[in-house]
Amino acid sequence: MPQFLGLDSSTQSLTAVVLDIDTGKVVLEQSVRFGQELPQYRCPNGFLENHDNRIRHSDPLMWAAALDRLFAKCKSAGMDWSKIAGICGSGQQHGSVYLNDHFFDLHLAPDRDLAEQIKPCLSRATSPIWMDSSTSAECAEIAKAAGGEEKVTAITGSRPIERFTGPQIRKFYKENPAAYRQTARIHLVSSFMASLLCGGDAAIDPGDGAGMNLLDLSTLQWSDILLAATAPELASKLPRVVKNGTAVGQIADYFIKRYGFRPGTPIFVWSGDNPCSLVGMGATAPGVAVISLGTSDTFFAAMPAPRTDPQGYGHVFGNPAGGFMCLICFTNGSLAREEVMKKVGLDYEGFARAILEETQPGNAGNMLLPYFGNETTPRLQSTAPRLFGDEEFKNWKKPAAAARAIVEAQAISMKIHSAWIGVTPTTVRVTGGASKNEGILRVLADVFGARMVRLSISNSASLGAALMAAQAVTNRRWEDLYAVFSAASPGGIDPDLSQAKIYEKLAGEFRRRLCECYGICS
Ligand code: XUL
């Protein structure tokens, strides 16, 4: 039976998922946790400590060492790697690896560890990752050189963003021009890991490539304007961009000899963790959105055309199944819900009851702006939410109304700030801790006018990557793969469409308050 391997090189771990698509079974799920299992790299939480908390770098050799450790660990637990018929992977987005020209001449010896052999190829010892926020100056310089933030958004799908790769590359060039000159190749985490697997230079896909502020969404190739605005001679240092499903090489001899992979096993172009999660969550067709309710809430969905957020909050990446996807992050997610629960003394059950039994849509005119801290969407600085309504509510004396108010505000904000994608979802696949809460799902269903279904997939990025390998080899339809591996749990929640008018009015009110309180007027 052919099996497919999906890897996920995330901030804190490297995970493998193996699928057998004939039996419909996940035959392996295994991780290496960097902090615990590779402590010698001094990245207890996936990154190196730094006194400046805007700087977040990791050790790329740790990612290479994790590949060795993961393959060895699974092999000694009985995994037969020769059964794998295709490999794809997912990487934490935006992080970058800087390599000199030895990298183009890799001959990996099976009797020496991978990390030790990659070390001489690095032109920069560390890799900035997505948690780094130290490039505000470079973002401003890139915007200026490229013709303004709006222009950068229109070309690349995102305004210049601190954690994105282009601004990070510019900072490296400015701080260490000699090392920049010695850099022959700059890889993303995804394309670096794919390169290791094929022992050569792998391409980048439009999913992860779009997280660099360098890719032109209209051509899916590097933008000359952004290359010139970022750093000199950058074009020659970047890998090529290829469509998802393209084989970027075959498994290197190193892995065949050391772990027993089958010669000729294709490696397909990797992507970023968010595009891979879109696949893992079975949401690559427009009309299906995903809402992940976590510490931050995220909304992502497929888009047929590369529209961009006119307000510049959201991002557009390539969709591994073709077309595009949006990613919109709402910083005040579970932390804000939990703050409200703490303030009014409700647990998650009481919270659901308050919404379902003790209050009505529209909350009798009580509403709040849910910003306990700074927010990404809309971009604003705040230290406390703003409450509007009767005096008791404004003094946190109405627990049930407070519970409904935070959830209505978050749902309305997601609806308003995702409208630019131009696709109205009919189904939303909801995941993350708070998705268990019936009350929250009821409000989301009514605000979006869409059916909410729950998914309990924990490794959606590695699952997505494995599905991408399976699809590339077998050409099966995505829907058929999703029906087996990304099926929703029973018991979805249908919207009560009679509430649409109430929520339309609330959306108007929410916008008005955003304008009044924070000067964000749309
Ligand atoms: C997306 C982002 C994160 C990383 C996490 O823009 O920065 O989701 O991809 O791995």
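Predicted model: local features only at pLDDT ≥ 70, side-chain atom pairs only at ≥ 80, totals over all residues.

At the N-terminal end of H17 the cap is Asn 437, with a side-chain oxygen 3.0 Å from the backbone nitrogen of Gly 439.

Between these ends, H17 (residues 438-448) is largely enclosed by the rest of the structure, because 9 of its 11 residues are buried.

Helix H6, spanning residues 165-175, is mostly covered, with 8 of its 11 residues buried. Those buried are Thr 165, Gly 166, Pro 167, Gln 168, Ile 169, Arg 170, Lys 171 and Phe 172.

The buried residues of H6 pack against both helices and strands: the helices are H4 (136-146), H7 (177-182) and H10 (224-230), while the strands are S6 (96-99), S7 (127-128) and S8 (185-188).

## Packing of H13 against H16

The axes of helix H13 (residues 334-344) and helix H16 (residues 399-418) come within 9 Å and cross at roughly 170 degrees. Since angles over 145 degrees count as roughly antiparallel, H13 is roughly antiparallel to H16.

From H13, the contact involves Ala 336, Arg 337, Val 340 and Val 344, and from H16 it involves Pro 399, Ala 402, Ala 403, Ile 406 and Gln 410. By class, the contact of H13 with H16 comprises 7 nonpolar residues, 1 polar residue and 1 charged residue.

## Surroundings of the ligand

Around the ligand are Gln 92, Gln 93, His 94, Trp 130, Arg 163, Asp 273, Asn 274 and Leu 327. A polar side-chain atom of Asp 273 lies 2.4 Å from an oxygen atom of the ligand, and an N or O atom in the side chain of His 94 is 2.7 Å from a ligand oxygen. Gln 93 contributes a polar backbone atom, placed 3.2 Å from an oxygen atom of the ligand.

## Arg 42 in its loop

Arg 42 is located in the loop between helix H1 (34-37) and strand S4 (57-58), and it counts as exposed because its relative accessibility is 62%, where the cut-off is over 50%. Leaving aside residues up to four places away in sequence, Arg 42 touches Phe 47, Leu 48 and Glu 49. Arg 42 and Ala 321, by comparison, are 279 residues apart in sequence, with their C-alpha atoms 37 Å apart in space.

Note on methods. Residues numbered from 1 in each chain as written. Heavy atoms only, no water. Axes fitted to C-alpha atoms, helices over the stretch in contact; angles between N-to-C directions. Helix = DSSP H or I, 4+ residues; strand = E, 2+ residues; numbered from the N terminus. Parallel < 35°, antiparallel > 145°, perpendicular 65-115°, else oblique. Contact = heavy atoms within 4.5 Å. Nonpolar A, V, L, I, M, F, W, Y, C, P; charged D, E, K, R; others polar. Buried < 20%, exposed > 50% of the residue type's maximum accessible area, 1.4 Å probe, protein only. Near = heavy atom within 4 Å. Polar contact = N/O pair within 3.5 Å; in protein donor to acceptor, adjacent residues only side chain to side chain.
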